[in-house]
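Subject: Structure handover

Hello,

Below is the structure I said I would pass on. My notes on it follow.

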Amino acid sequence: MRYGHSTLADDTVLSEQREYYRARAGEYDKWWLREGRFDRGAEANARWFAETAQLERVLERFAPTGNVLELAGGTGLWTRHLVRHAASLTVVDAAPEVLAINRERVGDPAVRYLEADLFEFTPERGAYDACVFAFWLSHVPADRFAAFWRTVGAALKPGGRVLFIDSARTERSTAADHRLPAADEQTMTRRLDDGREFQIVKRFFDPRQLSAALAELGWESRVDTTGEFFIHGTATRSGR
Ligand SMILES: C[S@@+](CC[C@H](N)C(=O)[O-])C[C@H]1O[C@@H](n2cnc3c(N)ncnc32)[C@H](O)[C@@H]1O
C-alpha cells in the first residue's frame with residue numbers, strides 16, 4: 001500500500017496523529033453523537049445510531065470478563081461498558097487529555113490508566129483474558145500491523161480473546177469537511193472545529209481481507225459489518 005506521504009514521513013504522521021487526538025479531546029465525542037460537522041442529516045444519523053446500538057450489543061455478547069486490556073481507550077465511550085464486565089481493567093492511551101475525560105466519565109478508581117504510545121508499548125506478558133480496541137486498528141499503518149498484533153498476542157493469556165471495532169469506509173461517517181483517503185493511500189487530513197489541520201493514518205478493512213491477513217499472522221478471527229458504518233471482529237490465536 002502506498003503512503004499519502006512518503007514512508008519516511010511515517011513517524012511524523014504518527015506523532016501528528018497523537019497531537020490530533022490530544023487537541024481534539026474536548027470535541028471528540030461530537031463524532032459519536034453526530035453533532036456539529038458530524039451531523040449528516042436525519043436519515044444518516046438514525047442509521048448511525050442504529051448501528052452504534054448494534055456495536056454495543058456485540059460488546060455485550062463478547063462479555064469481556066476477567067483481566068481486560070483496552071488499547072487506545074480514548075474518552076471512555078467503550079471503557080464505560082467494559083468496566084461492567086471486567087474483573088480488572090487497564091486502559092492505555094497516548095493522550096493525557098482523553099484519559100482525563102475517560103477517568104471522569106467512568107468514575108471507577110479501580111480502573112488502571114496508562115499513558116503510553118502503543119507503538120512502543122510492552123504489555124505484561126500473558127496477563128490478560130481479553131484485549132479490546134475500538135477505532136484503533138484503522139490508525140495503525142500497514143507496516144506496523146504485524147508488530148501491533150504481536151503486542152496484542154503477547155498481552156494475552158493462552159486462549160485470550162480479542163474484540164475490535166472500527167470504521168467501515170463511508171463518506172457519511174466522517175465530518176462533512178473531511179475527505180477520505182484514496183483507496184491506495186492510508187493518510188488523511190483531519191480538521192478540528194477551530195480549523196487546525198492534522199495528518200493521520202486511516203485505513204479501511206474489508207472484513208474478509210482482514211480475516212485473511214489475521215490468519216497469516218496466526219489468528220483465527222471472525223469479522224463482520226454492521227451495514228454501513230462499522231466493522232467488528234473477534235480473534236483468538238490459532239496456536240499454529
Ligand atoms: C479514534 S480514537 C478511539 C478512542 C476510543 N477507543 C473510542 O472508540 O472512542 C483513537 C485513540 O487513539 C489514541 N492514540 C493515537 N495515537 C496513539 C498512540 N501512538 N498510542 C496510543 N494511543 C494513541 C488517541 O489518543 C485516541 O484516544
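Helices (H or I, at least four residues) and strands (E, at least two) are taken as DSSP runs and numbered from the N terminus. By that rule the protein chain has seven helices and nine strands. Please note that this is a predicted model, in which local features need pLDDT of at least 70 and side-chain atom pairs count only at pLDDT 80 or more, while totals for chains, interfaces and linings use all residues. Residues are numbered from 1 along each chain as its sequence is written, and side-chain values use heavy atoms, with hydrogens and water left out.

Overall form. The radius of gyration is taken over C-alpha atoms, and the globule rule is 2.2 Å times the number of residues to the power 0.38. For 240 residues a compact globule would have a radius near 18 Å, and the 17 Å of the protein chain agrees with this. The C-alpha trace spans about 45 × 40 × 30 Å along its principal axes. Of the 240 residues, 52% are buried (under 20% relative accessible area; exposed is over 50% and partly exposed in between, with a 1.4 Å probe and protein chains only).

Nonpolar cores. A nonpolar core here is a set of buried Ala, Val, Leu, Ile, Met, Phe, Trp, Tyr and Cys residues joined through side-chain atoms within 4.5 Å. The largest has 36 residues, of which Trp31, Trp32, Leu55, Trp78, Leu89, Phe135 and Phe230 touch the most other members. Helix 3 gives the largest share of this core, five residues. Leu55 is in contact (heavy atoms within 4.5 Å) with Trp32, Trp78, Phe135, Ile165, Thr226, Phe230 and His232, leaving aside its neighbours within four places in sequence. A second, separate core has 29 residues, including Cys131, Phe148, Leu156 and Val223.

Helix 6. Eight of the 11 residues of helix 6 (residues 145-155) are buried, so this helix is largely enclosed by the rest of the structure. Among the buried ones are Phe145, Phe148 and Trp149. The buried residues of helix 6 pack against strand 1 (67-71), strand 4, strand 5, helix 7 (207-216), strand 8 (219-225) and strand 9 (230-237).

Cavity. On a 1 Å grid over the protein atoms alone, a cavity is a set of points where a 1.4 Å probe fits but cannot get out, and lining residues have an atom within 4 Å of a point. Grid points are joined across faces, edges and corners, and a volume is the space filled by probe spheres set on the points. The structure holds one cavity of 30 Å³ or more, and the volume of the largest cavity is about 580 Å³. It is lined by 38 residues, and Tyr21, Tyr28, Phe135, Trp136 and His139 are the closest to its centre. Helix 1 (residues 10-24) supplies the largest share of the lining, six residues.

Two loop residues. Ser138, in the loop between strand 4 and helix 6, counts as buried because its relative accessibility is 0%. Its contacts, apart from neighbours within four places in sequence, are Asp166, Val201, Lys202, Arg203 and Phe205. Glu120 lies in the loop between strand 3 (112-115) and strand 4, and its 63% relative accessibility makes it count as exposed. Glu120 is 27 residues from Ala147 in sequence and 10 Å from Ala147 in space, C-alpha to C-alpha.

Regards

Notes
On a 1 Å grid over the protein atoms alone, a cavity is a set of points where a 1.4 Å probe fits but cannot get out, and a pocket is an open set with protein on both sides within 12 Å along at least five of seven lines; lining residues have an atom within 4 Å of a point.
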